[in-house]
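Here are my notes on the model. Please read them with the structure open.

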Amino acid sequence: MDYLSINKQAWDKRTKVHLGSKFYDVKAFKEGESSLNTVELEQVGNVEGKKLLHLQCHFGQDTLSWARKGAKVTGVDLSTEAIEQANKLNSALGLDATFVANDIYQFGHENIEKFDIVFTSYGVLCWLPDLSQWAKTIADSLAVGGEFHLVEFHTFNDLLSGYSYFPRPEPDVEIEGTYTENCDGAKSTVVTWAHSLSEVINALISAGLSIDHFKEYPYSPYNSFEDLEYVPGQGYQMLHKGQQVPLLYAIKARKIVA
Ligand SMILES: C[S@@+](CC[C@H](N)C(=O)[O-])C[C@H]1O[C@@H](n2cnc3c(N)ncnc32)[C@H](O)[C@@H]1O
């Protein structure tokens, strides 16, 4: 199955819907609002003067938010539609980001540049069949001493939504809308894979990265799943039998040897 073409088509379609959505609020972003959330801002810290690679950058709002904070940024995404829009935003804002339309594994094979920070967040891992290749791409892209930052939706929520928690050899192939308003306008076939927490952590360790920090969170900044409730000052939570479900996790890892 040509999962890359199927998912590229889906993300090209989703991008068009996302651009006009309240969820992404491009107008506010253009007027100066950052699209980054407290979790990643606190974890990544000061990026001034750092070379930052953003994997699966979608149409670039987070990438350009890091650029506004002084990072020299490169964003990579499979969707040519998303990268076209990212380049338009970059020009409109007078920033000097580089955007690359590519599969991240292919990017990993071709890239020779070294970065101080590799960043990726919110809904990225399920699109990737093989986390060893993902982790190798990260390790190969980092300079020695460089940091990797992941903020991802917790797989516990996938389990409660009826998906496998543990990895399976065959992907889920479904017709789905997207996670913003007007979600049905983006209905398309998508191919996704389950990745347990141990699989993510072991992939990073096997690629030679040292894990500095791992944290789970009961609140999400996004109202993008069913049955979430807003808690003022905290974000969205989900209760299962009266208890908070872990909704996000974050990992910071470091490249310590060449
Ligand atoms: C949920 S979005 C990431 C959301 C992002 N945090 C944001 O700013 O909205 C997932 C992104 O992964 C990209 N993607 C999926 N498979 C990919 C692949 N194999 N290589 C590169 N990008 C991929 C999609 O095109 C999409 O833009």
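1. Strand 2 (residues 72-77) is largely enclosed by the rest of the structure, because 5 of its 6 residues are buried. Buried means under 20% relative accessible area (1.4 Å probe, protein chains only). Strands are DSSP runs of E with at least two residues, helices are runs of H or I with at least four, and both are numbered from the N terminus.

2. This is a predicted model: local features need pLDDT of at least 70, side-chain atom pairs need 80 or more, and totals for chains, interfaces and linings use all residues. Residues are numbered from 1 along each chain as its sequence is written, and side-chain values use heavy atoms, without hydrogens and water.

3. Strand 1 (residues 51-55) pairs with strand 2 in the parallel sense over 5 bridges. Pairing requires at least two DSSP bridges between the strands. Gly75 in strand 2 is the bridge partner of His54.

4. Strand 2 also runs parallel to strand 3 (residues 98-101), joined by 4 bridges. Here Val76 stands opposite Val100 of strand 3.

5. Now the ligand. Its surroundings comprise 18 residues, and the closest are Tyr24, Asp77, Asp103, Ile104 and Ser121. The cut-off is a heavy atom within 4 Å.

6. For Leu78, a backbone N or O atom lies 3.1 Å from a ligand nitrogen atom. The protein covers 96% of the 600 Å² of accessible area that the ligand has on its own (Shrake-Rupley method, 1.4 Å probe).

Key:
Buried < 20%, exposed > 50% of the residue type's maximum accessible area, 1.4 Å probe, protein only. Polar contact = N/O pair within 3.5 Å; in protein donor to acceptor, adjacent residues only side chain to side chain.
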